[in-house]
Amino acid sequence: MEEILIELRNISKQFPGVLANDNINLEIKKGEIHAIVGENGAGKSTLMNILYGLHEPTAGEIYFKGNPVRFTSPLDAIKLGIGMVHQHFMLVPSFTVAENIVLGIEPKRKKFLVDREKAIKETKELSQTYGLAVDPEIKVESLSVGIQQRVEILKALYKGADVLILDEPTAVLTPQETAELFKVIRKLVDELGKTIIIITHKLQEVLAISTRVSVMRQGKLVGTLDTKDANEHLLAEMMVGREVLFDKLEKKPTEKNEVLKVNGLRAKDNRGLLALKDISFSLKSGEILGIAGIEGNGQSELVEVLAGLRKKDGGEFYINGVEASDKSPREIRKLGIAHVPEDRLAMGLSTEASIAENMLMGSQYDEPYRMKGIHLNKLKIKEMSKKLIKEFDIRTPSEETLAGNLSGGNMQKVVIAREFSFNTPILIISQPTRGVDIGAIEFIHTQIIEKRNEGCAILLISAELDEIFRLSDRIMTIYEGRITGEFDAGQITRQEIGLYMTGKNMNSSEEGA
Amino acid sequence: MKKRVLIFLALMLVVSTALVGCQNSATPADGDGVKVGLVLAGGLGDRSFYDSSHEGVEQAKKDFGIEYKVYECRNDSSLLNDQLVQASQYASIVAVVGFEFYDVVQEIAKEFPDVYYIYVDNEIEGIDNLITISYAENEGSFLAGALAAMLTTETSIEGIDEGKVIGMVGGVDIPVIRNFQAGYEAGAKYIDPEVEVEVLFAGDFEDPAKGKENATVLYSRGADIVFQVAGKTGEGVFEAAAELGKFAIGVDSDQRYINPDVIVASMVKKVGKSIYDTIENIQKGNVDKGKVVYYGLNQEGVELGYGTDDMVQFATEDMKAKIEDIKAKIISGEIEVPKGK
Amino acid sequence: MKSILKKGNLEYLTSLFISILASLLIGALIMMANSRSPLVGYGALITGAFGSTYSLATTFAKTVPLVLTGLATAISFRSGISNIGGEGQLYLGAFAAAYVGITFTNIPGFLGIALAILAGALVGGIYAFFPALLKVKYQVDEVITTIMLNTVATLFTGYLVNYPFASSQGKMGGTEMITESFRLSRLVRLSTLNTSIFFMGFIAIVIYYLMEKTSFGYDSKMVGQNSLFGRYGGIKDKKQMVVAMVISGALCGLAGVFEVIGVHYRFLQHISPGYAFDGMLIALIVKNNPIGVILMSIFFGALKTGSISMENAIGIPSELVSVIQAIIILFIAGETGFKNIYKNWRLKKLHQGKVGEENV
């Protein structure tokens, strides 16, 4: 029946200290959408990098259309029509779309000169053929993440890819963009006969898009099954290796007093454009206020202003009645806001520092970790780290391990452990489970609810609507730097909130006001 | 990224120093003659000052059967003391070349009272086993200036214009070099008070590229002839002269052989000869202990060298006669040559 | 010491050790290519560096400026700001010390020494402060400014010692000698080793403590690794960089001070043969570890001292040592070096065994 396009036989890949792929056998059929799922660190990306020629397997063979092949570099894979879209895009931001797409195999004029006209023309044709609308002459840096991904896909197709590997394609996308991407994927498969391999850890997406699904766990392939035979529960169990209980999180009634008051806050983004336009809300103890919105609508700026990392442009905010705008990050922490940043690698930790050093951040000026205003008490720091490692179930050989050697989930737990341990009355938590595996998500959600139940006021920002709905007591929507709606949880459905997130409600509400 | 750049810079640095002096310097010594150590602040291969001193001990080896070793500091101030100590431990006569040794040689000479020190190019008195040799660079340079002033209007030579500008590239702005400068300027004015003397300092004795740069500037300002007083840096002056079709005057050794087509003459400072003489005197036992020995025109310590007869001579016989005349007047005291400050 | 022997460090130490060994091996090959025995050559090098009290003293005399400039580099690099201007700071610091030594001639010796040290550190620190300020205020690349300020400092001091402060004795580019009572005394006959090594030891301990045991050192490290993380955690990252740069400049200034009051007893126009750059190499090799700086400085000092003996004794050019140093840096600073080769080799062995088992 269906032709087997690619076959991986007994593939193993050893990295220093880790057996990333352990004797993997996998078949990819022509014209299928094959999902590969697994928790972070299960070896999905390694396997795909082997298939794309980025890594050479330590053992095992790859067969393409029945013939053994050996990839020493991605060029070998590209020659056979295998293309890959990485999780972190490999685009030159200052180049135009067309320039990025033809990069490396530019159409030439007089042998040496890049034929710009032709590049633009070819890009246009390409985007028409595949129904992926892009403006060839716009610079990549000014594109949204979703469109950038589209450019990446086009780039692979331009190089003649028949098999497309998509590494966590939805990790950076909004629900709308995800839906859009899935349309594109279906079209590529149904109408144009391409084969898609999609790596993900989001089970709903797997069920929605794939024809077959392979589950990986700890470097091994646990099994491959037809998607129609799978369900979320089964896949989760295969991924984690035990039964996963999506417990109903228990929210206790709490006393609610206003602890954070934000009044007409305005702020500019890095480009100097007004990103926050008149934001006002109040946050009460013992509640989780979720902010739903498509990324880039001012959430980051809002968090940064509240954390003292960005100057406000107008308005003010009060922590327990004390004016806190224009205070330094340290003063704000003292006043009562701890903050889990959206990007743990960029802001939340130093990958080159040990776990203990990462956990010290923010307390390095305080007793008992610092004595006599200068000397760091290594013993106390070690004690504290050990305690947090245990409390937050951080899987690490020791507190001396470099944070960069941890998995995404464990890194995130380091950040959360540190920020939660400040015991501040207010917590700002941004994208708490981005790039984190299922087990850790469960754990982190439980911790957040526990904090809430203890009476902490939590401002939750997440691109994952599921997360917002699961945790929040109240939900606000943000669009283009304004709050477009505020609801008690349970008052609103996902579909409705989607409208507020894209500002579609605006006209009617403004008319009403 | 920045780190990469730094590493690259660091490597460039190390490799460039490593490449500078890769010739094998020390001459293995055998036999049982008197041992001489030659300690240089710089390194051999400058075809100038240090090489000249090397020729002196080499000649002494041939004539008196001495043995010798060369100790190069390669312009590393941290090695001055070490090399001098090592030489003192090896030899009974130590020739020390370079103004940089001024303090060190006094200190070490006191520690090795049985060793004779011949210190070239400075003036120290009162240490019994230390003989210093001082050259009247200004006198020799006076002759060089006079010759340059005569040549700069000699339009019959291709490449020389009517302008009365001559130049000088000094190594580093230090007293010794300023002594050259003073004589050079005075000599030129002596011939023709209208001659302009442009002087630039390269800031380095070891960098031909800087010499070339500075010489090019001087030539572009109208100088036809540039006097180089810059050791190895001066090789760049010769290069610039050759490229631009201009002329140069060499220094320390008779450098005409390097490029007889552009080097019209050299102000020879007979470092080698003076070391040779002093070694001879020490062996004969007739030295003035703790004294400064002056080498001027009178003592044939400095002179103007015209190369060998097979080279094209830019200086005419008339000019040479005029130079001889001036020389006699300097020796007799009729002309008083100013000293550099 | 225990913390140095952590696993990551152990890996690094192994690769450092292999790198040094490999470069010495290449050095041996070069000697053999020139038909000299490497045994005799390295023998002469070791004797020259450690063979007698004098040679030992000379080796340690060489380490004084290297340790100071090495630590200077380490503290700035670790804070994420690159001080390439050590040479200029050293020259100005040295000149400041000389100025004190020829001006305040009638104050007691210990006071004069303290004043010279203070002046040198201050001048070096101030000279580093400006590029740091330009960096944090206007994002002017400090690598470029500090490199250029080197030239400014060497030319400026060159002018000073040839004109306003030129020595009246002898022909030389130098100031007058500093007052006798300000001179640090020599420790070993013939060698320039002087009591500045005790000052250096004290300074090294202070800097080590500062970098490794204090919140300041912690802040520096964090800012250097991820300045955004530092700012988020409440560190004033810009201030941290500026302070680190000033300390770095002060250390380079001190290196200059000790050259004047300990070694030459006057400022010389070419007082440093590039100590700051050697210090930079050292810091790069040991990845800004203060203890590593000290050990590597001794190693470099020994190489330099030994190479001179090697050259004088058997005619192997001392430049060979530069080649050896360059090779070490190539291996180490490239950060791949032997570490990965070794790892891959080990993994392959490991895996070959494993595959074999599976096949059975």
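How many residue pairs are in polar contact between domain 1 of chain B and domain 2 of chain B?

Reply: The model is a predicted one, and in it the count between domain 1 of chain B and domain 2 of chain B is ten residue pairs in polar contact, with both residues at pLDDT 80 or more.

The two parts are assembled from separate stretches of the chain. Domain 1 of chain B comprises 23-136 + 271-295, and domain 2 comprises 137-268 + 302-332. Taken over C-alpha atoms, their centres are 28 Å apart. To the contact, domain 1 of chain B contributes 13 residues and domain 2 of chain B contributes 19 residues.

The size of an interface is often expressed as the accessible area that is lost when the parts come together. Between domain 1 and domain 2 of chain B, about 1,300 Å² is buried, and carbon and sulfur atoms give 46% of that area. On the side of domain 1, the residues that lose the most area to domain 2 are B:Arg47, B:Ser48 and B:Ala136, which together account for 45% of what that side buries.

The side chains of B:Glu239 and B:Lys212 meet in a salt bridge at 3.7 Å, N to O. B:Glu239 lies in helix H8 and B:Lys212 in helix H7 (residues 208-220) of chain B, so this pair ties together parts that are 27 residues apart in sequence. B:Glu239 is partly exposed, with a relative accessible area of 39%, and B:Lys212 also counts as partly exposed, at 24% relative accessibility. Elsewhere, salt bridges that share partners join B:Glu72, B:Arg74, C:Glu311 and C:Glu319 into one network.

C:Arg266 lies in the loop between helix H10 (237-264) and helix H11 (275-285) of chain C, while B:Asp103 lies in helix H4 (residues 102-111) of chain B, so the pair joins two chains. Both C:Arg266 and B:Asp103 are buried.

For context, chain A supplies an ion pair within one helix. The side chains of A:Lys155 and A:Glu152 form a salt bridge at 4.0 Å, N to O. Both residues lie in helix H5 (residues 145-158) of chain A, three residues apart, which is about one turn of the helix. A:Lys155 counts as buried because its relative accessibility is 11%, under the 20% cut-off. A:Glu152 likewise counts as buried, at 3% relative accessibility. Over all chains, the structure holds 55 salt bridges.

Conventions:
Residues are numbered from 1 along each chain as its sequence is written. Chains are lettered from A and ligands numbered from 1 in the order in which they are written. This is a predicted model: local features need pLDDT of at least 70, side-chain atom pairs count only at pLDDT 80 or more; totals for chains, interfaces and linings use all residues. Side-chain values use heavy atoms; hydrogens and water are left out. Helices (H or I, at least four residues) and strands (E, at least two) are DSSP runs, numbered from the N terminus. Buried means under 20% relative accessible area, exposed over 50%, partly exposed in between (1.4 Å probe, protein chains only). Domain bounds come from an automatic or database domain assignment. Contact means heavy atoms within 4.5 Å. Buried area is the accessible area (1.4 Å probe) that two parts lose on being put together, summed over both. A polar contact is a pair of N or O atoms within 3.5 Å; within protein, one must be able to donate a hydrogen and the other to accept it, and residues adjacent in sequence count only if both atoms are side-chain atoms.
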